[in-house]
Amino acid sequence: MITARIPPNGAVFLVAPVRGLSAEVGPAIEALARYGPDLIGLGLSAEEMRGLVDYFVIAEAEPVVPLSPTETSEVRGLSRFGEVRVPNPTFIEILRWGQSRSIPVAPLDPSDEESAHLFAEHIGYVELVRRTVRERRISRHPPTPSTPDEFALAWDQEVAAGRGSRGLAGARDRYLAREVARLRPGRARTAVVVDRERFDEVRQYLADGVPPSMSDT
């Protein structure tokens, strides 16, 4: 996990745990508790957050989560560093933690409909084929770095290496930065939690600011 206070005044606290790794839950919650946010934003869509709340936070029993071959390979590779849970246990526990303390938690990523539009804008046929090939390749030969952070970065760099994939990731991160700017007025201390591989770009957009009218096309 990695964290950062966003300049100029540090009123936004960025937390980036490794997706799926159970060992990241405790440090992430502890970091949030020390910061004392009055708003928490999560790097997922409203639909994804609703699903986590309905099926994992308030449900009496958790459902079985089917995984694609690529997801299964990612879990298998990451499990070298400890227990891995799907969906991301850090997001689930942050939702529980915020709820227990009456701290509002908001989704920051585009909705499913908006994500589909962004995907169509950035991922053409050639990039889709190349992305599929990269996913199959990394599924057969997962990276073997020495730390969970390095694993998360290596995985993302392989799967999303294409220009279109990077454009899609950038559009999503700019959307997140605009959502933070929209939600922050009246909030003195805002925490933002994203997957580890998004940390650098999200931090840059939060620090620099993204105009509300900026086009992602």
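P87 sits in the loop between α3 (69–78) and α4 (89–100). Helices (H or I, at least four residues) and strands (E, at least two) are DSSP runs, numbered from the N terminus. A cis peptide bond, with omega about 0°, joins V86 and P87. The model is predicted: local features need pLDDT of at least 70, side-chain atom pairs count only at pLDDT 80 or more, and totals for chains, interfaces and linings use all residues. Residues are numbered from 1 along each chain as its sequence is written, and side-chain values use heavy atoms, with hydrogens and water left out.

S102 is found in the loop between α4 and β4 (105–107). Its phi is positive, near 55°, in a residue other than glycine. Most residues other than glycine have a negative phi, and most peptide bonds are trans. S102 counts as exposed, at 66% relative accessibility. Buried means under 20% relative accessible area, exposed over 50%, and partly exposed in between (1.4 Å probe, protein chains only).

The structure holds 13 salt bridges. A salt bridge is a side-chain nitrogen of Lys or Arg within 4 Å of a carboxyl oxygen of Asp or Glu. One of them pairs R96 with E93, the closest N and O atoms being 2.5 Å apart. Both residues lie in helix α4, 3 residues apart, about one turn of the helix. R96 is partly exposed at 27% relative accessibility. E93 is partly exposed too, at 22%.

Helices α6 (residues 125–140) and α7 (residues 148–159) pack at an angle of about 145°, with their axes 8 Å apart. Axes are lines fitted to C-alpha atoms, for helices over the stretch in contact, and angles run from 0 to 180 degrees between N-to-C directions. R131, R134, E135, R137 and I138 of α6 meet W155, E158 and V159 of α7 in this contact. Contact means heavy atoms within 4.5 Å. A salt bridge joins E158 and R137, with the closest N and O atoms 2.7 Å apart. The pair links distant parts of the chain, 21 residues apart. E158 is partly exposed at 24% relative accessibility, and R137 is partly exposed at 36%.

D173 forms a salt bridge with R198, the closest N and O atoms being 2.8 Å apart. D173 lies in helix α8 (residues 163–183), and R198 in the loop between β5 (190–193) and α9 (199–208), 25 residues apart. D173 is buried at 3% relative accessibility. R198 is buried at 4%. Salt bridges that share partners join R19, E74, D195 and E197 into one network.
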